[in-house]
Structures are given as C-alpha cells and as structure tokens.
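Please look over the sequence and the structure first, and then read on.

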Amino acid sequence: MSGHSHTAPPSDPELRIKALESLLVEKKLINPDAIDAIIETYETKIGPRNGARVVARAWVDPEYKARLLADGTKAIAELGFTGVQGEDMVVVENTDEVHNVVVCTLCSCYPWPTLGLPPVWYKAAPYRARVVSDPRGVLLEFGTRLSDDVEVRVWDSNAELRYLVLPQRPEGTEGWSEDRLAALVSRDSMIGTAVVPAQGAAS
Amino acid sequence: MSGTVPVGLGDAPPFREPWQAKAFALAVLLHREGHFTWDAWVRTLAEEIAAFPQRAGEDAELAYHRQFLAALETIVANTGLAKPEAMQARKMAWRQAYLNTPHGHAVDLAAAGEPHVDEARDHDLEPQRAPIAISPARGAG
C-alpha cells in the first residue's frame, strides 16, 4: 500500500446534512428520491416567469385583475401556481399614487410558487432592516427613483401570508399579447424594488 | 442595522453548494410530510437569524445558509425527529467513513466502523517532536 488511502472528509455543514439526511431516511421520515425532485423543481421549474404570467394576465384581463386583487391565492391558483409558501397570497397594486415593496423583516418569507426562491439580497439583513426605515433610499440602490408625490408602502411577508406586487403596465405596450407582456415583467418589479420600464421610442 | 443591500447578488443561483440545496429540500419535505407547520419552521428560522446574524468575513449568502442549516437541526431536535446527540454522532461517523474510504471510492456510512489500516502508518510518517505519551514520575523509592 502506498500514498493516501483515505478520502478527505467534506466541510462541516456537508457532514451535518449527510448526518441529518441519513438519520431521517433511516427512520423512514423522508423518501430520499423526493429530495432530488424538490431541488430540481426549485432550481429549474419554479421561478419569476410564473409571477410574470399572473401580472400579464391581470394587465390584459380586467376581470382577472379584480379577482387577483380580491383573492390572490385563488386567482393565482387559476393559472396553476400553488404550493408551499403560496397558500396565502395578497396582491398589492402599484398605481400613479402608490408604489408597493415587499420584505420579510424576520427571515425570508417569499411567494415561491410565483417567484421561485428569493435572491440573496432579499434574505440579507441590510435589505430586511433598511427597506423599512428608508424605503426610498433602498429603491435608489436598485436604480429605482420614485417621484416624491408617490406614496411608498412596505409590506412584511410572514409565515401566514406573502405579498406579490402588481406593477403598473408600462406605456408603449398597447395591444401587446399576454406573452409579450409577460416577458417584460421582472422578478424585482414583483417584489417592488423595480418598475417595468416604458417601451418603445416614445419613452 | 445599516450596510449596503447586496443588489449585485440578485441573479446568483439559489444554492452555491449542494448541501444548501439539500437543507432546503429537507425542510420542505419534513413540512410537507406533516412533521412541523410552516409557521413553526419560520419561527425557528427567524430566531436563528436574530440570534446569530451575519458575521465578519461572511457574506450574506453564506450567513443565510448557515442560519438555515442550524434552524433545520433545531426544529428536527425540537420535534423529536432526531436527538442532537444522534446528529452529532452520525456526523462523526460520516467523517470517519470518509477517512476509512480509499481515495476514489464511493463513501458508504458502513465504512465508519472499519479500522483504517493506513491511519497508523500515516501517523508514523509524521515527524514526532514531542512524546506521544508520558507517564509522570512517581518519585524515587
């Protein structure tokens, strides 16, 4: 025998996860195949494209928009977007007078079925604290400058309910199809740290 | 709390390392199987985040996943799914399994129990500049 005949153990967190996983599988508390299925779903299938479809539908269909604002969970489920962290959805509408922005001040509550998993900054302490104390300043850091006569409302998502912002339909999109509109809607515009920019030469 | 919002990390993939994805999946699965409510999970995570905030030398993402893993271990212990001692013992067993497995081979937990033939030899190769054991003097006569 020669050389290193062992395998270097991985990092501490990796060992802890291996410990948890093997204990839980052994006790038949979880099915190991389900782990990979969940990871794949959230890495590749669920994301802000879902939310963009909700927004685009609301832009073209006033009746859908009314249902969405009245009962977000139900209206979003109409498009097939349901699941963990999507059980109690409240949709808040941006207007000429009001701009909405969403945070989870305590941790990372976020509407997974419509937006996927949150970006790092959403989970970071500076955003969680400062968007409450200085929302306009934080929005500026995202390059979003709001007029002084617009009221900014900050909504705190939590375990019971999560907020989704319905951004304003931009100018220059009259007559656009739902698909074309959906492609304009960014994740950040549904969190409220961005707006959907006006389209076309007119802007 | 002040500090800049890490806007630039907006488009990073949700998981930087596989264990982070696994921790996430375990939390979702255990909730889905009814072992704890989402409310209980969020409370546990929020408490961990409040008690052990981002540290110097740690970015926001690493901090979050550290807090997430610790919260997962806490809720697993609090709901009686596994004891903290069992998690610690299992972690050490995995570590030993790695050490016992020849490089290039798949690591199986069963290997934790086997003595590592090369370990003593590896130790011998290290120059020892201090006694490996000392039996204190008992006094003459």
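## The largest pocket

In this predicted model, the lining of the largest pocket is made up of nine nonpolar, six polar and four charged residues, where Ala, Val, Leu, Ile, Met, Phe, Trp, Tyr, Cys and Pro count as nonpolar, Asp, Glu, Lys and Arg as charged, and the others, Gly among them, as polar. The volume of the largest pocket is about 350 Å³, a volume being the space filled by probe spheres set on grid points that are joined across faces, edges and corners. Among the 19 residues that line the largest pocket, Thr95(A), Asp96(A), Gln168(A), Val195(A) and Val196(A) are the closest to its centre.

A pocket is here an open set of points on a 1 Å grid over the protein atoms alone, where a 1.4 Å probe fits, with protein on both sides within 12 Å along at least five of seven lines, and lining residues have an atom within 4 Å of a point.

## The second largest pocket

The second largest pocket holds about 270 Å³ of space, and of the 20 residues that line it, Pro48(A), Leu117(A), Arg187(A), Ala12(B) and Pro14(B) lie nearest its centre. By class, this lining has 11 nonpolar, four polar and five charged residues.

In chain A, α2 (32-45) and α7 (120-123) each supply at least two residues of the lining of the second largest pocket, and α2(A) gives the most, with four residues; helices are DSSP runs (H or I, at least four residues), numbered from the N terminus.

## Where the chains meet

Chain A and chain B each bring 61 residues to their contact, which means heavy atoms within 4.5 Å. Between them the two chains bury about 5,600 Å², 71% of it on carbon and sulfur atoms, buried area being the accessible area (1.4 Å probe) that two parts lose on being put together, summed over both. On the side of chain B, Val5(B), Arg90(B) and Tyr98(B) lose the most area to chain A, together 11% of what that side buries.

Four salt bridges are counted between chain B and chain A, each a side-chain nitrogen of Lys or Arg within 4 Å of a carboxyl oxygen of Asp or Glu; one of them joins Lys91(B) to Asp12(A), with the closest N and O atoms 2.5 Å apart.

## Notes on the model

Residues are numbered from 1 along each chain as its sequence is written, and chains are lettered from A and ligands numbered from 1 in the order in which they are written. Local features need pLDDT of at least 70 and side-chain atom pairs count only at pLDDT 80 or more, while totals for chains, interfaces and linings use all residues, and side-chain values use heavy atoms, with hydrogens and water left out.
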